[in-house]
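Here is a short briefing on one protein model.

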Amino acid sequence: RMFHDDELEESEKFYVGQPRVLLLIYALYNTLVARSEMVCYFVIILNHMISASMITLVLPILIFLWAMLSVPRPSKRFWMTAIVYTEVAIVIKYFFQFGFFPWNKHVDYTKDKPYHPPNIIGIEKKEGYVHYDLVQLLALFFHRSILKCHGLWDEDEKGDSSSNKEDTDDELSLTGGRRDSSASLKSVNLAASVESIHVHFPEQQTAIRRKSSSSISQLSHRSNIFKNINHSTFSLYFLECKLHVIKSRCGLYCFRTLQVYVPIRQFFYNLIHPDYSAVTDVYVLMFLADTVDFIIIVFGFWAFGKHSAAADITSSLSEDQVPEAFLVMVLIQFGTMVVDRALYLKKTVMGKVIFQVILVFGIHFWMFFILPGVTERKFSQNTVAQLWYFVKCVYFGLSAYQIRCGYPTRVLGNFLTKSYNYVNLFLFQGFRLVPFLTELRAVMDWVWTDTTLSLSSWICVEDIYAHIFILKCWRESEKRYPQPRGQKKKKVVKYGMGGMIIVLLICIVWFPLLFMSLIKSVAGITNKPLDVSITITLGGYQPIFTMSAQQSQLEDFNQTRFNMLLAGYRGNTAALQFLEGYGKEDITLADLEGNSNSLWTISPPSREKMIQGLLDFSSEFTVVLSWTIQSTLGEVYPYYIKAPSDSLAKPIKQLLKGMYCKWKNITVSLVKNVSGEGVREWWVLNQLGKTFKTSGDSLELIIFSDKVSPPSLGFLAGYGIMGLYASVVLVIGKFVREFFSGISHSIMFEELPNVDRILKLCTDIFLVRETGELELEEDLYAKLIFLYRSPETMIKWTREKT
């Protein structure tokens, strides 16, 4: 073998023979080394999420607007900036930990205040103030050692020198070999047109002279700033400032400002107009990151608002309340997704760069300076906001990668239609089932894509393409799993697919009954009464008795009392069937005081008429008991009352009929008290045959409370069984009926043996549209429409290839 080495072979054998755990550790370490810069990014972002201060804010912004945008990798200058900045931050934090600073004397009082200046700056006194900074510094030095080990630490300067040399050689060859920088500058005619000016800089000579003297080195370093700035009025102005007004103080300030501005401007200019572009497409990943953030907002919206930590989005929506924090966050998140889609379709890198800068500064300002004031708690104490910010950082990284590589020149179809298998088929079908998503995507694509088609024609093409893709997936599945001619379907297929459909249809038909039964029996919440009130009125006159039972007067049933209740109805089938739906925790014993809590204030004429009515045994005299219903005194006192989930309570007929009748009699007596203040009267009631109370004048009442649905499902359970049948089952049944009926009308479009030619025609329309051949797009669209208008041509186009 060529280049055979015994030591290398022995080393490889030794490595292969190591335990699997050790090999896994080696692999993880190699992965860490290969992605050491990502480790640095992660540690920096994690440090900022936990610290959430102005000191730690700088590096995350530099990551998304400098490091991740650098081609091919972050420069040595960035890593040195990060290392030095981290060291300075550690020293500053250490310095402000001393107790003689005024704000360090009341740390316990100010540590949770989000707008306390030391907390915002990051110089507050706390335990472990520098732990994450030290980990961050360790990660940066680890990455620096890896770059040095592979010879990449000083590669940037060498690369700049070599590239400068090549550019200078080309420029010098075009200008006849002029090598004097002053001669080059003197050749600039400020009055000439911008298009006719080409400024040359002797980069090769600068690189050679850099080693000779410091003054010339400074001049060469400054001249290196102007590389590749040609055909620009700004560069002429900059040269004029350098040659004529550099000695003045104003000119010196302008020059120093331009020294900072020009490299930044040149960095973004080179980013937008790269010499070489490794085109890629990570829009799908960015969309997924935005979708995850959208889900976090929906289920954790309370973290972005004030005084809503215990809120539930379903409960809020069921009460027709839209929280402001939820609304603002959803609209902002959705708006950024729309703008991102527009930039992707227009393929404008400059717009994406501007959008990236605005988002990075805007989101960091809002998350770390506005949100703490809204929620009245620090960002480091808001777990949901931290999770949202971390996912947004992933989005920023993907956006930076998209900017650095450039947008794809062609965007053809949906990303789910790249393969023809069951996974893509079901995902694409699910994508189309999301309400308004397909329509919104089609309209946005039409708005931001150059085309000659009208909106209706565009949607027609999209619908045909989606239909043909689905057919293509089914045809590919038929090729992978062919069905032999004349052979019956296998039981696995019949019972698998057919059985699943049968179970699904049965569940839909009986869904309301199952839902209403299970929601209260399994997930139901006991609805204990808080107040039981009774009012008794004689013949429509002034009420003679009003009393209520609360708190300690409402006793829960224990198991002994519940068993006594069941034993009393051992032979009553209707009563036992009713009691099966309740447990001891659903029953409450109300003990009402026998003395009325209000005086009987009736006028003398009404009093005389009531006495006459009571003495007249030939006519009926009604007694009305009121709690939430009214009933006449057929039997005197209903011992059992059912309190359903609505507001209407009623006696339980199953427990009050037949030989097991538990209607109770009550005695009514008028008490008169004569004192110096006058005559006072009130009524006293006493129940005869009390079961659990024997002493004193009092009334017993047993209340059966129905369980109620949880608050999160109350909006659905509130419709009732008939409401669910009308709103859910019938609507779903309509869609199912459309699937099983009308098939005969779509046979000519569904039963296509080979759809490859139609699929290729659709992709050709996408392709010529992306390349700007709009006339050809019209011709191909007309061909597609003619194909669907002509069944005979469709048959020819969709025949199997022979």
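**Overview**

The protein exposes about 47400 Å², and carbon and sulfur atoms supply 62% of this area. Accessible areas come from the Shrake-Rupley method with a 1.4 Å probe; for residues, only the protein chains shown count as cover. This is a predicted model: local features need pLDDT of at least 70, side-chain atom pairs count only at pLDDT 80 or more, and totals for chains, interfaces and linings use all residues. Residues are numbered from 1 along each chain as its sequence is written, and side-chain values use heavy atoms, with hydrogens and water left out.

**Fold and burial**

- The protein has 33 helices and eleven strands. Both are DSSP runs numbered from the N terminus: helices are H or I with at least four residues, strands are E with at least two.
- Of the 802 residues, 37% count as buried. Buried means under 20% relative accessible area, exposed means over 50%, and partly exposed lies in between (1.4 Å probe, protein chains only).
- Among contacts with a separation of 6 or more, 71% come from residues 24 or more positions apart. A contact means heavy atoms within 4.5 Å.

**Nonpolar cores**

- The largest nonpolar core holds 67 residues; Phe64, Trp79, Phe304, Met367, Phe379, Trp388 and Tyr389 touch the most other members. Helix H19 gives the largest share of this core, eleven residues.
- This core lies between domain 1 (10–150) and domain 2 (276–405), because both give residues to it. The domain bounds come from an automatic or database domain assignment.
- A nonpolar core is a set of buried Ala, Val, Leu, Ile, Met, Phe, Trp, Tyr and Cys residues joined through side-chain atoms within 4.5 Å.
- Leaving aside neighbours within four places in sequence, tryptophan 79 contacts Glu37, Cys40, Tyr41, Pro74, Leu140, His143, Leu147 and Trp153.
- Another core, of 23 residues, lies apart from the largest one; its members include Ile536, Leu538, Leu554 and Trp600.

**Salt bridges**

- The count comes to 18 salt bridges. The rule asks for a side-chain nitrogen of Lys or Arg within 4 Å of a carboxyl oxygen of Asp or Glu.
- Lysine 76 pairs with aspartate 154, with the closest N and O atoms 3.1 Å apart. The pair links distant parts of the chain, 78 residues apart: lysine 76 is in helix H5 (residues 76–95), aspartate 154 in the loop between helix H8 (131–149) and helix H9 (155–174). Lysine 76 is partly exposed at 24% relative accessibility, and aspartate 154 is partly exposed at 35%.
- Glutamate 462 and arginine 441 form a salt bridge at 3.9 Å, N to O. Glutamate 462 is in helix H22 (residues 455–480) and arginine 441 in helix H21 (residues 437–447), so the pair ties together parts 21 residues apart in sequence. Glutamate 462 is buried at 17% relative accessibility; arginine 441 is buried, with a relative accessible area of 17%.
- Arg341, Arg441, Asp445 and Glu462 are linked in a network of salt bridges.
- Lysine 472 and glutamate 476 meet at 3.0 Å, N to O. Both lie in helix H22, four residues apart, about one turn of the helix. Lysine 472 is buried at 8%, and glutamate 476 is buried at 18%.

**Glutamine 402**

- Glutamine 402 lies in helix H19 (residues 383–405). Its relative accessible area is 0%, so glutamine 402 counts as buried.
- A polar atom of the glutamine 402 side chain lies 3.0 Å from the backbone oxygen of threonine 280.
- Not counting residues up to four places away in sequence, glutamine 402 touches Thr280, Asp281, Val282, Tyr283, Met286, Tyr407 and Pro408.

How values were computed
A polar contact is a pair of N or O atoms within 3.5 Å; within protein, one must be able to donate a hydrogen and the other to accept it, and residues adjacent in sequence count only if both atoms are side-chain atoms.
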